[in-house]
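The sequence and structure come first.

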Amino acid sequence: MYKQIIKAVPVLALILMMMSCEEFLQEEPKNQISTNQYFNKPEHARSAVNALYGMGAPSRYNDGDDWQLDMMLGGYLSGLFINERTERPGPYEANRLTLDDINLDAYMHEWWSEGYDAISQANNAIKYIPQIEGLSESESDRLLAEARFFRAFNYFFLVRNFGDVPLITEPYESANNIYVARTPSNEIYQQIITDMEWALNNGGLASVPFHMNGNRITTGVVQTALADVYLQHAGYPVEGGESSYSNAASYARQVIQSGTYSLIEHGDLDDTLTNSAYNVMRKSDQEREYIYSYECHPQHRSNWLYHSSIPKYAQPAASVTRDVWIAYRPKKEYTRVYDDEMDLRIQNKQIWHNEIIFDGEVFGFQG
């Protein structure tokens, strides 16, 4: 009996060790959160959707820097705008129409990968938010509407820039089926429209200007986006035609006739140049003209982002050399559509600055 007990102890110890090891190996990593761990509290849903406001397509408006924002690329390629910092390869190649598959990759790789990062985040939110206990039905619907909007918004950005792209509407939760073929553009557009119309009809979104809704998606944002989507869908390469043009007009009309928005008016008429609507817009983010804004508060963005504006102010590059450069200068071929004397838009310090004062010295520029 004694011998049997002695023999049993190592076996029992081995079993206990195996059980302990198994439990150890099954323990969730402390520096990673699995999907079933993450989407189980209301604050998780809110955090996931909040992150979408700064991911993917919206982030393109703060990518780069003062002389190389992604949103400037089309202007450079048009030949109607120029960057005077010719040593900067991105704008320089765009201005000279010498972009190729190598130097263009500096732009396009991030556009693609970050767009799909945002879509993946949205897919997780859309799948798991309905399962979370503790969310009211109205908040759950609103968060789902925002997630669907941003999934659609990112697909809209991708399909316009890349044409046919992979359509992925479920979270990746395994290594299976990680390679997805491109989907025809028309199907991408149909998914975009489905998501946006769901958000509009089921999300209980507020019908107030963006800044009056805590800078969250509103019905006006979705309607405006749908007008743009249908307008793009109407032409090449999808050729949606007359019905798409009609739908674009319908959604645009809903925004215009909603009574929610109004154009900024000029201020003191005795000093129109200083108090023009353009300069009111520069200084205020609380106007009823704004349908959607991208947050660039210095607390949440790198210092060089929030001071940027498009068109960029001309400015001396260094006080010592007094070198002057303009990051996004409209050429005469563009500005000649304005009457120099009668059109306020082309006057100095309106849409563009033709001169600035630096250390008491005036620097002048010609368009």
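Y172, I178, Y179 and V180 make up a nonpolar surface patch with about 440 Å² of accessible area together. The model is predicted: local features need pLDDT of at least 70, side-chain atom pairs count only at pLDDT 80 or more, and totals for chains, interfaces and linings use all residues. Residues are numbered from 1 along each chain as its sequence is written, and side-chain values use heavy atoms, leaving out hydrogens and water.

**Surface**
- I178 is in the loop between α7 (137-162) and α8 (185-202).
- With 42% relative accessibility, I178 is partly exposed (buried means under 20% relative accessible area, exposed over 50%, partly exposed in between; 1.4 Å probe, protein chains only).

**Helix α3**
- In α3 (residues 42-52), the buried residues are P42, H44, A45, A48, V49 and L52.
- Viewed down the axis of α3, these buried residues fall within an arc of 165°, so they line one face of the helix.

**Aromatic pairs**
- There are twelve aromatic pairs in the structure (ring centres within 6.5 Å; planes under 30 degrees apart are stacked, over 60 edge-to-face, the rest tilted).
- W112 and F162 are edge-to-face, because their ring centres are 5.2 Å apart and their planes are at 85°.
- W112 belongs to helix α6 (residues 105-128) and F162 to helix α7, so the pair ties together parts 50 residues apart in sequence.
- The rings of Y230 and Y251 are stacked, because their centres are 6.1 Å apart and their planes are at 10°.
- Both Y230 and Y251 are buried.

Terms used
Helices (H or I, at least four residues) and strands (E, at least two) are DSSP runs, numbered from the N terminus. The arc is that of the directions from the helix axis to the C-beta atoms. Patches are made of residues with over 30% relative accessible area and no salt bridge: like charges are joined within 9 Å, nonpolar side chains (Val, Leu, Ile, Met, Phe, Trp, Tyr) within 5 Å. Accessible areas come from the Shrake-Rupley method with a 1.4 Å probe; for residues, only the protein chains shown count as cover. A salt bridge is a side-chain nitrogen of Lys or Arg within 4 Å of a carboxyl oxygen of Asp or Glu. Rings of Phe, Tyr and Trp (its six-membered ring) pair if their centres lie within 6.5 Å; planes under 30 degrees apart count as stacked, over 60 as edge-to-face and the rest as tilted.
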